[in-house]
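Visitor: I'd like to talk through the pockets here and what the labels rest on. Can you put the model up?

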Amino acid sequence: MASLLVNIDVDDLERAIDYYTRAFGLRLGRRFGGDGAELLGAEAPLYLLAKPAGSVATPAAAATRDYRRHWTPVHLDFVVADIDAAVRAARDAGARQEGDLRTHAWGRIAQFADPFGHGFCLLEFRGRGYDELVAPSK
């Protein structure tokens, strides 16, 4: 099985360390000079990578980094035990909540944008979590 590392481009490394440690209770692991930091405490380490706005994201595409609110089909979901407390912590650390807290058969969800324009969700599972959506076997 492969290991998973999560990389998050940010335009201000110190601000990102402050945000992610305050919002999610992560802790600083290692620093990689002034261009990167490892945050620990989640199931996969998060690597914050300092990349200036407007820099080329990859030589194979014309896209450049933009830290205004943007959408991507890949995003982070943080599973929390107490979504109300997690919502407060995320907002207090600088995230912007996008819409109301919603309740589903599997639990509750809140959608956010972090201070760097990246979308993420907070999830609080209830009952059997996503298994509430699975039809029973016959």
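Visitor: What makes the lining of the largest pocket divide the way it does into nonpolar, polar and charged?
Guide: This is a predicted model, and in it the lining splits into 22 nonpolar, nine polar and six charged residues. Residue type alone decides the class, with Gly counted as polar and Cys as nonpolar.

Visitor: Which residues are closest to the centre of the largest pocket?
Guide: The pocket has a volume of about 980 Å³. Of its 37 lining residues, Val6, Ile8, Leu46, His75 and Leu76 are the closest to the centre.

Visitor: Why is the largest pocket said to lie between domain 1 and domain 2?
Guide: Because domain 1 (1–54) and domain 2 (68–137) both give residues to the lining. As for elements, β1 (6–10), α1 (13–24), β5 (76–79) and β9 (119–125) each supply at least two lining residues.

Visitor: How do you know that Trp71 lines the second largest pocket?
Guide: A lining residue needs an atom within 4 Å of a pocket point, and Trp71 is on that list, as are Arg69, His70 and Glu98, among others. The space in this pocket comes to about 190 Å³.

Visitor: What makes up the lining of the second largest pocket, by class and by element?
Guide: Five residues are nonpolar, five polar and two charged. β8 (107–113) and β9 each supply at least two residues, and β9 has the largest share, with three.

Conventions. Residues numbered from 1 in each chain as written. Predicted model: local features only at pLDDT ≥ 70, side-chain atom pairs only at ≥ 80, totals over all residues. Heavy atoms only, no water. 1 Å grid on protein atoms, 1.4 Å probe; cavity = no way out; pocket = protein on both sides within 12 Å on 5 of 7 lines; lining within 4 Å. Points joined across faces, edges and corners; volume = space filled by probe spheres on them. Helix = DSSP H or I, 4+ residues; strand = E, 2+ residues; numbered from the N terminus. Domains from an automatic or database assignment.
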